Amino acid sequence: MLDNNERTCIACSGETWGPQCSHSCSCTTGSTYCDIKIGCVCKPGYTGQFCETDIDECKTSLKKCGFNEFCQNLPGSATCECIKGFYRQWSTCNDIDECSALSPCDKNLEYCTNTIGSYRCSCNTGYIKNSQGICTDIDECALSATLCDKSTEMCVNKIGSYTCACKKGYARKFGRCEE
């Protein structure tokens with residue numbers, strides 16, 4: 001800018017920039033400083049006349065994430081986070097074994113199967129999930145009439161199983177009910 005004598009150049013103050021220092025330096029926290037010739041100089045990850053706009057590095061593909069990761073935009077940058085069911089170890093997202101880490105299933109009625117990014121609870125043998133998703137005992141005797149020898153045995157339901165008991169007047173000998 002020219003001094004009042006119109007012969008001597010003087011620099012713009014820290015509050016102005018441009019020809020005749022006619023523009024105000026209204027830079028935001030997204031700027032590093034105000035240049036007397038071009039105005040606000042933005043930090044990486046910011047744009048706009050006053051560096052007021054965060055660049056979404058995820059949407060602009062400036063940040064690339066790997067397998068089992070998603071991009072999380074941050075002010076001025078972005079980071080890669082592991083998707084649900086995975087944890088970061090060094091630079092890789094690994095599957096969480098929820099079965100051993102969390103014990104999410106009812107140990108008395110269910111067994112847990114780890115799946116990629118999740119897990120599945122299944123009923124133990126002798127149980128079935130009811131309409132509420134709870135494992136309940138299967139009455140094997142009611143489901144099948146051929147489990148025991150009808151002439152000498154009767155079926156007795158047990159929790160998670162069944163047994164064949166000898167009818168009255170019969171005793172078990174060598175694995176069979178006999179008189």
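Let's start with the link between Cys123 and Cys135, which is left-handed, with -95 degrees about the S-S bond. This pair ties together distant parts of the chain: Cys123 belongs to strand β12 (residues 118–123), Cys135 to strand β14 (residues 135–137), and the two are twelve residues apart. Their sulfurs sit 2.1 Å from each other, and both cysteines are buried. Keep in mind as you look around that this is a predicted model.

In case the term is new, a disulfide is a covalent bond between the sulfur atoms of two cysteines. Another one to find joins Cys166 and Cys177, whose sulfur atoms are 1.9 Å apart. Here too the pair links distant parts of the chain, with Cys166 in strand β16 and Cys177 in strand β18 (residues 176–178), eleven residues apart. The link is left-handed, at -90 degrees about the S-S bond, and both of its cysteines are buried.

Now look for Cys42 and Cys51, joined by a disulfide with an S to S distance of 2.2 Å. The torsion about their S-S bond is about -95 degrees, so this disulfide is left-handed. Are these two cysteines buried or exposed? Cys51 is buried, since its relative accessible area is 1%, while Cys42 counts as partly exposed because its value is 26%. Cys51 sits in the loop between β5 (46–47) and β6 (53–54). Its backbone is worth a look as well: Cys51 has a positive phi of about 60 degrees, although it isn't a glycine.

Trp90 is another non-glycine with a positive phi of about 60 degrees. You'll find Trp90 in the loop between β9 (86–89) and β10 (92–95), and it is exposed, given a relative accessible area of 80%. The two strands around it run antiparallel and are joined by four bridges. Within that pairing, Arg88 stands opposite Cys93 in β10. The strands make a hairpin with two residues between them, and that is where Trp90 takes its positive phi.

There's a second hairpin to visit, made of β15 and β16, again with two residues between the strands; in this one Gly160 takes a positive phi near 80 degrees. Six bridges hold β15 (residues 153–158) to β16 (residues 161–166), and the strands run antiparallel. Met154 stands opposite Ala165 of β16.

Glu98, in helix α1, is buried yet has no salt bridge; Lys84 is the nearest side chain of opposite charge, 7.8 Å away. What does Glu98 touch? Its contacts include Asn114, Thr115, Ser118 and Tyr119. Glu57, in the loop between β6 and β7 (69–74), is also buried without a salt bridge, and its nearest oppositely charged side chain, Lys63, is 9.1 Å away. Among the residues Glu57 touches are Leu62, Lys63, Asn73 and Ser77.

The last stop is Asp106, in the loop between α1 (98–101) and β11 (110–115). Asp106 counts as partly exposed because its relative accessibility is 36%. A polar atom of its side chain lies 3.0 Å from the backbone nitrogen of Asn108. Further along the chain, Ile134 is 28 residues from Asp106 in sequence, and the two are 9.3 Å apart in space, C-alpha to C-alpha.

Notes: Residues are numbered from 1 along each chain as its sequence is written. This is a predicted model: local features need pLDDT of at least 70, side-chain atom pairs count only at pLDDT 80 or more; totals for chains, interfaces and linings use all residues. Side-chain values use heavy atoms; hydrogens and water are left out. Buried means under 20% relative accessible area, exposed over 50%, partly exposed in between (1.4 Å probe, protein chains only). Two strands pair if DSSP finds at least two bridges between them. A polar contact is a pair of N or O atoms within 3.5 Å; within protein, one must be able to donate a hydrogen and the other to accept it, and residues adjacent in sequence count only if both atoms are side-chain atoms. Lys and Arg count as positive and Asp and Glu as negative; His and the chain ends are not counted. A salt bridge is a side-chain nitrogen of Lys or Arg within 4 Å of a carboxyl oxygen of Asp or Glu. Contact means heavy atoms within 4.5 Å. A disulfide is a pair of cysteine sulfur atoms within 2.5 Å. Lists of a residue's contacts leave out its neighbours within four places in sequence.
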